[in-house]
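Work through the exercises below with the model at hand. Each task is followed by a stepwise solution.

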Amino acid sequence: MGYLKNSDRDGTSLPLVEEFFTIQGEGYHAGEAAWFIRIGGCDVGCNWCDSRFSWDPLMHPMVETDRIINNAVQSGTKSVVVTGGEPLMWNLDYLCAGLRKSNICTFIETSGAYPLSGSWDWICLSPKKNMPPVGNICLEANELKVIIETGDDFNWAEKYRSLAGKGCLLYLQPEWSRFKSIIPEIVEYVKRNPHWKISLQIHKYMHIP
Ligand code: SF4
């Protein structure tokens, strides 16, 4: 993967993979309409990643953040989900300030592998073993969403439950390609540990992005 110059990292332009109006499919806000902004760049390297096309930021155009904000405003959305890639590879202060100034709620989906920037109405933290979260993001997260690929991942989920703040919502989400084999284990786990809920990727059932 190539890296961009630091001067490109002030957040006034961002490598934009795609932006679209859809229905959030995962976690607490599943079923809600939202404008998605997918930012390029990720070196976390999850083997089951379904957005590998976003990994190399050099494959995506640097777009002025003002334009990204304006597109969100023009969509008429009430909330924006910033995702990736790993969006925290970038300084998101400017993006969030512009969205909030336009009365748009700011939500982020992140692994937490890079320092937190931006101001957020909702932080969904999905910690990854390859590059665990840094800083205080566990305490800041509104929602902890752990992807379950194998039975070993329940221990990983419990580790991050113990690090999360009081009131953080807890979700286990089956890894999509392992759904059939892993969902029975997740169901049994949640029956025994009801502080967790199950998150399904309902956008995939609706065949929407
Ligand atoms: Fe893919 Fe997200 Fe993992 Fe990056 S952190 S490899 S974008 S699933």
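**Exercise 1.** State how much space lies in the largest cavity and which residues line the largest cavity.

Solution. Step 1: the largest cavity holds about 60 Å³ of space. A cavity is a set of points, on a 1 Å grid over the protein atoms alone, where a 1.4 Å probe fits but cannot get out; its volume is the space filled by probe spheres set on the points. Step 2: searching the whole structure gives one cavity of 30 Å³ or more. Step 3: lining residues have an atom within 4 Å of a point; among them are Gln-24, His-29, Val-81, Phe-107, Ile-108, Glu-109, Trp-122 and Cys-124. Step 4: strand S5 gives the largest share of this lining, three residues.

The model is predicted; local features need pLDDT of at least 70, side-chain atom pairs count only at pLDDT 80 or more, and totals for chains, interfaces and linings use all residues. Numbering starts from 1 along each chain as its sequence is written, and side-chain values use heavy atoms, with hydrogens and water left out.

**Exercise 2.** Is Pro-115 buried or exposed?

Solution. Step 1: locate Pro-115 in the loop between S5 (105–110) and S6 (122–125). Step 2: its relative accessible area is 56%, so Pro-115 is exposed (buried is under 20%, exposed over 50%, partly exposed in between, with a 1.4 Å probe and protein chains only). Step 3: leaving out residues up to four places away in sequence, Pro-115 touches Leu-88 and Val-134 (heavy atoms within 4.5 Å).

Note on methods. Helices (H or I, at least four residues) and strands (E, at least two) are DSSP runs, numbered from the N terminus. On a 1 Å grid over the protein atoms alone, a cavity is a set of points where a 1.4 Å probe fits but cannot get out, and a pocket is an open set with protein on both sides within 12 Å along at least five of seven lines; lining residues have an atom within 4 Å of a point.
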